[in-house]
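These are my notebook entries on one protein chain.

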Amino acid sequence: MPEHMPIYIGDNAVEEFIKFCQKSNYQKYLLVADENTYRVLGKRVHEAMKKEGWDVIYIILHPEGLHADSVTLVRVLAVYDGQPRMFVAVGSGTITDTTRFTSHRSQNPFISLPTAASVDAYTSVNSAMTIGELKGSIYCQAPIAIFTDIPIIVESPKWLTASGFGDLTSKFTSSADWKNTHIIWGSKYDPEIYEKALGAAKQAAAVAEGIVTHDPKSMAAMMQGQFDSGFSMADFGNSAPASGGEHHIAHVWEMMFHWAGREGLYHGNAVGVATIIEAGWYERLRKLSKKDAEQLLACAQVPSRAEQEKTIRAELPEIAEVLIASNPIYMQLSDPQVLERVKKDILDNWDEIQAIAAKVPPPDQFRAWLKSLGGPTTTAELELSPQQAKTAIDHGHYLRERFSINNIRKLFGW
Ligand SMILES: [Zn+2]
């Protein structure tokens, strides 16, 4: 397992951050925050740095309509002066991903000071960015250190926690999809990283009650879970362990909002609802005997490549060409030989697939957790039209090289 960066979780994050910087050789910094995160934590960090006499340039972004996208990247790069600087991200997903990208591409390291338990991306090497019309995961770098101020996390808005909880418990389905991809499609896999990703979801589930009241100990455990989830991606080298079919469905919804210029769909909320949908398919799969599966697979019908291309172009014109060019698994299944091989692999490994499915809680459990946190549990609550909801569910499996339960259920004719 690779070595990880130092992580502080406690009551004195700013002091610990300053001590860490004193020991490093950096005298020059670029602080990135938005108006909200600057108010709650960034100002304190900034003043402590100024007190040290360090050269700090900074950008405080307007939070309304703020996304990790081309516009925000350029705004940060516009204040950057091209000198070697330690980048300092004070914020959650958008701020951290923006800083991760801009620091990496300008060949500078960065330090993260999280302000909410809203995402699992803090320790990740990848940035979730929207470049052009496509939202995706872009290789960048992990922070060299993380300083988590628990009083700030406890005070953070509860809807951010609900969103983070949705993202974190999605590791139940993402880790299952990843392991199934290994079994059915032969893709790369690591059992230790699988346990880490699954463990992050279990950790969140174990403290779910304390998270509802923002109890400091539970929030610290949730942050640790978020960091572990990020490590699972960093250690593996891509997002596969922590981003499965549920993320692919959610990404399509997020892109739909982006295409329409709409605001207000939060990553973890979208992922939470998509996780309920995937958990429903896993629950259905658990009820199948091998014989049932065999019968369903015998009738499996995969549309021809040309038919699939036509549907993708009609349903998701904005990203159709990129998806088609990526030669998605489901398109490859239009080859009868490939399909036969996959059917055989599913049946030959049926007990193991069942054991994987057994680790995914039932959809009602996810619903109960998210409801207790005040998070959305339906696509209607995400303010998606029934058609938008369906398009993403029907086409999410084209997004990444994963044999998710969304692929499996299609073969079952569900
Ligand atoms: Zn996520």
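Where is the place of E64? I found E64 in the loop between β3 (55–61) and α3 (70–79). Helices (H or I, at least four residues) and strands (E, at least two) are DSSP runs, numbered from the N terminus.

I noted the basis of the entries. This is a predicted model, in which local features need pLDDT of at least 70, side-chain atom pairs count only at pLDDT 80 or more, and totals for chains, interfaces and linings use all residues. Residues are numbered from 1 along each chain as its sequence is written.

Entry on E64. Is E64 buried or exposed? E64 counts as exposed because it has 8 C-beta neighbours inside 10 Å. The terms rest on other C-beta atoms within 10 Å of a residue's own, placed from the backbone: buried means 20 or more, exposed 12 or fewer, and partly exposed in between. I also looked up E263, which is 199 residues from E64 in sequence and 8.9 Å from it in space, C-alpha to C-alpha.

Entry on the whole chain. I recorded 21 helices and 8 strands in the protein chain. Its radius of gyration is 22 Å, close to the 22 Å that the globule rule gives for 414 residues, so the chain is as compact as a globular protein of that length. This radius is taken over C-alpha atoms, and the rule is 2.2 Å times the number of residues to the power 0.38. The C-alpha trace spans about 70 × 40 × 40 Å along its principal axes. Of the 414 residues, 47% count as buried.

Entry on two helices. I found that the axes of α7 (residues 171–185) and α11 (residues 245–259) come within 7 Å and cross at roughly 115°. Axes are lines fitted to C-alpha atoms, for helices over the stretch in contact, and angles run from 0 to 180 degrees between N-to-C directions. The helices α7 and α11 are therefore roughly perpendicular to each other, a term for angles of 65 to 115 degrees. In this contact (C-beta atoms, placed from the backbone, within 7 Å), T173, S174 and D177 of α7 meet G245, E246 and H247 of α11.

Entry on the domains. The domain assignment gives domain 1 (7–156) and domain 2 (160–411); such bounds come from an automatic or database assignment. Their centres, taken over C-alpha atoms, are separated by 29 Å. I noted that 27 residues from domain 1 and 33 residues from domain 2 take part in the contact.

Terms used:
Angles under 35 degrees count as roughly parallel, over 145 as roughly antiparallel, 65 to 115 as roughly perpendicular and the rest as oblique. Two residues are in contact if their C-beta atoms, placed from the backbone, lie within 7 Å.
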